[in-house]
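Work through the following exercises with the sequence and the model at hand. Each task is followed by a solution in steps.

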Amino acid sequence: MNLFYGEKQALYSVSLDIKEKEVTAFIGPSGCGKSTFLRTLNRMNDLIDSVKISGKVIIDNENIYESSDVIKLRTKVGMVFQKANLFPMSIYDNVAYGPRMHGIKNKKELNKIVEESLRGAAIWDEVKDRLKTSALGLSGGQQQRVCIARAIAMKPDVILMDEPTSALDPISTLKVEELIAQMKKDYTIIIVTHNMQQAARISDKTAFFLNGEVVEYSSTDKLFSVPQDKRTEDYITGRFG
Ligand SMILES: Nc1ncnc2c1ncn2[C@@H]1O[C@H](COP(=O)(O)OP(=O)(O)OP(=O)(O)O)[C@@H](O)[C@H]1O
């Protein structure tokens, strides 16, 4: 994968094999291309006019850049952003939004999806008595877990997370990290994080990005204990970034 914003190249020959039902973390200094690469995985960069991409992203034997069904792709590959971006509507309606858009109208069925998704995001007990109240009345950490529930409601295979805990306090961060650890039995999770301890705690594999390239990609244990590249070692020991 090579990616340009206009004339400026942001990704250089990035090639990664990402395993299903694992947590893969992308780490690296600011501006090195982590979010850009993450967004290529569900074609979110298509929304930016200047973007040019060469290469392939193959999911389930299909190059997603050759298939035109972007809606189907984004159902399969969901996304959670850095800041919770709930709609100004009830908790229930936020989670039911995607399924409704996909034509599910049956109340019983929607109730089931909403409950299962909120349970899956480990927030059901906290919100079950206030489903009809505004989602924006929840704490930041709760809102982020409702965003995860909203992603789960679409029954994706892959969930992309772009610094999902960077706006959260340590306790909410811990809850989201525990949730990610539980979720990997059902989903493939790819997470961009600025927090190396977080990558070390929750991921199976880690890719270290630098200046638009992947310098090193291996099991998280190996990358943090015996980095193969001097630049990885310098980064993880805090010599730069
Ligand atoms: N919409 C855009 N238009 C032009 N250039 C962009 C755009 N988005 C990102 N870039 C540039 O692409 C490069 C990679 O940015 P990207 O956001 O992917 O890095 P990152 O590693 O995720 O950084 P951070 O950790 O700060 O979020 C940067 O030089 C950035 O300025």
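The model is predicted.

**Exercise 1.** List the residues that surround the ligand, and state which helix gives the most to this shell.

Solution. Then assign helices: H1, residues 34-40, gives the most to the shell, with three residues. Finally, sort by class: the shell holds seven polar residues, four nonpolar and one charged.

**Exercise 2.** Determine how the axes of H6 and H7 are oriented to each other, and which residues of the two helices meet.

Solution. Take the axes of H6 (residues 140-152) and H7 (residues 170-183): they come within 9 Å and cross at roughly 20°. Angles under 35 degrees count as roughly parallel. H6 and H7 are therefore roughly parallel to each other. As for handedness, H6 passes H7 in a right-handed crossing. On the H6 side the contact is made by Gly140, Gly141, Gln144, Arg145 and Ile148; on the H7 side, by Ser172, Lys175, Val176 and Leu179. By class, this contact has four polar, three nonpolar and two charged residues.

**Exercise 3.** Describe the chain over the range that UniProt lists for "domain: ABC transporter".

Solution. The UniProt entry, which is unreviewed, gives residues 1-236 for this domain. Over that range the chain is 38% helix and 20% strand. The end C-alpha atoms of the range are 25 Å apart.

Definitions and conventions
Residues are numbered from 1 along each chain as its sequence is written. This is a predicted model: local features need pLDDT of at least 70, side-chain atom pairs count only at pLDDT 80 or more; totals for chains, interfaces and linings use all residues. Helices (H or I, at least four residues) and strands (E, at least two) are DSSP runs, numbered from the N terminus. Ala, Val, Leu, Ile, Met, Phe, Trp, Tyr, Cys and Pro count as nonpolar, Asp, Glu, Lys and Arg as charged, and the others, Gly among them, as polar. Axes are lines fitted to C-alpha atoms, for helices over the stretch in contact, and angles run from 0 to 180 degrees between N-to-C directions. Angles under 35 degrees count as roughly parallel, over 145 as roughly antiparallel, 65 to 115 as roughly perpendicular and the rest as oblique. A crossing is left-handed if the near helix is turned anticlockwise from the far one by less than a right angle, and right-handed if clockwise. Two residues are in contact if their C-beta atoms, placed from the backbone, lie within 7 Å. UniProt positions are given in the numbering used here, feature names are shortened, and annotations may be inferred rather than shown by experiment.
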